[in-house]
Amino acid sequence: MMKPADLPGVIPVFPLPGALLLPRARLPLHLFEPRYLAMFEDCLKTPHRLIGMIQPSDMPGSHDHGLHRIGCAGRVTQFSETEDGRYMITLTGISRYRIADEVEGFTPYRRCRVDWTGFEPDLAPSDEDPGFRRAPFMELLGRYFEQQGLSTDWETLQDADDELLINSLSMLLNFTLDEKQALLEAPSLTTRRETLVTLLEYALRGGDGQELLQ
């Protein structure tokens with residue numbers, strides 16, 4: 001397990017719309033762009049092997065993509081190379097971070113100076129949600145899946161522990177970028193579950209999420 005002292009001050013960041021990583025969760029990624037292949041290869045040379053996932057944020061009046069201020073860093077815990085030089089990697093979420101500023105340099109990928117302050121609980125072995133009531137939550141989730149025409153392995157969902165269930169749904173369901181960011185920034189598992197329930201209920205009422213998060 002990593003400690004606060006192990007976390008670096010500068011990390012490579014990977015702006016990927018809709019790709020949400022949460023602490024202690026796993027995110028598979030397919031790397032093929034030359035800049036991200038270079039990022040990955042440089043990452044393997046570091047002791048921490050961290051890549052910062054981040055949601056892009058459009059900048060008004062500009063064609064450049066800004067970045068949301070808060071992302072989540074993941075440690076490369078598994079990878080395989082294809083015959084044509086692409087990589088399939090798995091990131092395991094370590095901790096959220098707040099961007100301080102972007103580092104100018106000669107790398108083809110973006111790097112940022114980051115602040116880990118305030119996210120110390122992310123480094124704990126797990127998070128708890130004492131108020132979680134699984135039966136009504138699963139009933140709500142079933143109605144959402146039916147409305148969206150989705151299917152899943154319900155037995156696996158029932159067997160998943162609370163944190164794995166809430167975080168996996170937050171990462172996998174088709175929410176907007178702003179909704180994903182709200183789930184990421186939720187201070188605790190309890191508030192993430194409450195945010196997730198709100199999004200599911202709003203979708204069932206026919207909302208698109210824009211009004212909800214303004």
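This briefing looks at one helix packing and at the aromatic rings of the structure. The model is a predicted one. Helices H4 and H6 pack against each other with their axes 10 Å apart, and a search of the whole structure finds eight aromatic pairs.

**Packing of H4 and H6**

- Helix H4, which covers residues 162-172, meets helix H6, which covers residues 189-204, at an angle of about 45 degrees, and this angle makes H4 oblique to H6.
- The crossing of these two helices, H4 and H6, is left-handed.
- On the side of H4 the contact is made by Asp162, Glu163, Ile166, Asn167, Leu169 and Ser170, while H6 contributes Leu189, Arg192, Arg193 and Leu196.

- Tyr97 belongs to strand S7 (residues 87-103), whereas Trp116 sits in the loop between strand S8 (110-115) and helix H2 (134-148), so that the pair, with its partners 19 residues apart, links distant parts of the chain.
- Tyr97 has a relative accessibility of 0% and therefore counts as buried, and Trp116, with a relative accessible area of 12%, is buried as well.

**An aromatic cluster**

- Phe40, Phe79 and Tyr87 together form one aromatic cluster.

Methods. Residues numbered from 1 in each chain as written. Predicted model: local features only at pLDDT ≥ 70, side-chain atom pairs only at ≥ 80, totals over all residues. Heavy atoms only, no water. Axes fitted to C-alpha atoms, helices over the stretch in contact; angles between N-to-C directions. Helix = DSSP H or I, 4+ residues; strand = E, 2+ residues; numbered from the N terminus. Parallel < 35°, antiparallel > 145°, perpendicular 65-115°, else oblique. Left-handed = near helix turned anticlockwise from the far one by under 90°. Contact = heavy atoms within 4.5 Å. Phe/Tyr/Trp six-rings, centres within 6.5 Å; stacked < 30°, edge-to-face > 60°. Buried < 20%, exposed > 50% of the residue type's maximum accessible area, 1.4 Å probe, protein only.
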